[in-house]
Amino acid sequence: APRPGLLLQPAEPPSAGNGYYREHARLLVESFRRCTGRDLIAPPPTLGDGGDDGGDMRGDDIGSRLFEAPFAVLSHGEGADPCFTYGNRTALDLFELTWAELLAMPSRLSAEPVEQAERDRLLARVRDCGLIDDYSGVRIARSGRRFLIRNAVVWTLAGDEGNACGQAAAFADWQLLPEPSGAVPTGGGTD
């Protein structure tokens with residue numbers, strides 16, 4: 001049976017019409033907080049008496065704020081070769097993928113073949129420890145453009161009962177890598 005919060009291949013990308021998949025966004029944000037003690041996105045301001053609401057992230061805008069965040073956030077489910085279950089706009093742009101393409105893609109394909117063994121070791125460490133907060137590695141966009149991510153946080157997704165239901169990553173530090181010819185791709189150059 002599907003676990004609460006995990007996306008089951010929705011056809012439409014996050015939008016106001018589907019609440020930006022706020023339940024999955026809540027799973028990402030709350031799992032991150034449980035693993036790190038930090039907020040993935042800033043809690044919404046408390047209205048009214050000025051009291052602390054405990055950082056409740058169930059508000060209607062959690063999905064939109066996570067989808068529009070200026071850093072990349074991705075998640076995948078469990079299994080031997082899990083596909084992505086979420087990517088915010090920054091991640092979609094960086095990997096040069098549409099929502100449908102991302103959700104159809106096994107997450108291992110985000111790394112070059114030579115990087116996949118290191119990625120597998122990383123994910124095993126996350127399964128064992130619940131969190132890695134210093135990951136760096138090379139990733140590849142659909143066009144073949146390579147980029148280095150630094151200081152990525154990778155954590156275990158866990159539902160309200162604490163059952164693991166996938167893994168997620170967030171990173172704000174990336175650098176485009178030179179093409180073999182030495183030129184850095186710009187994403188819109190000429191032949």
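**Figure 1. Residue classes in the lining of the largest pocket.** Ala, Val, Leu, Ile, Met, Phe, Trp, Tyr, Cys and Pro count as nonpolar; Asp, Glu, Lys and Arg count as charged; the others, Gly among them, count as polar. On this scheme, the lining of the largest pocket has five nonpolar, seven polar and six charged residues. The model is predicted.

Figure 2. The largest pocket holds about 300 Å³ of space. Its lining takes in 18 residues, and those closest to the centre are His76, Gly79, Leu123, Arg127 and Gln167. Both α5 (113-129) and β5 (164-171) give at least two residues to this lining. The largest share is from α5, with six residues.

**Figure 3. Surroundings of Thr156.** Thr156 sits in strand β4 (residues 146-158). Its relative accessible area is 17%, under the 20% cut-off, so Thr156 is buried. The Thr156 side chain reaches the backbone oxygen of Val126 at 3.5 Å. Neighbours within four places in sequence aside, Thr156 is in contact with Ser31, Cys35, Val126, Gly130, Ala164, Gly166 and Gln167.

**Figure 4. Confidence along the protein chain.** Mean pLDDT for the protein chain is 83, and 80% of its residues reach 70 or more. Helix α3 (residues 89-95) has the highest confidence, at 98, while α5 has the lowest, at a mean of 78. For residues 1-5 the pLDDT is below 50, and this stretch has nine contacts in the model beyond near neighbours in sequence. Residues 49-58 also stay under 50; here the model has 17 contacts beyond four places in sequence.

Conventions: Residues numbered from 1 in each chain as written. Heavy atoms only, no water. 1 Å grid on protein atoms, 1.4 Å probe; cavity = no way out; pocket = protein on both sides within 12 Å on 5 of 7 lines; lining within 4 Å. Points joined across faces, edges and corners; volume = space filled by probe spheres on them. Helix = DSSP H or I, 4+ residues; strand = E, 2+ residues; numbered from the N terminus. Buried < 20%, exposed > 50% of the residue type's maximum accessible area, 1.4 Å probe, protein only. Polar contact = N/O pair within 3.5 Å; in protein donor to acceptor, adjacent residues only side chain to side chain. Contact = heavy atoms within 4.5 Å. pLDDT = per-residue confidence, 0-100.
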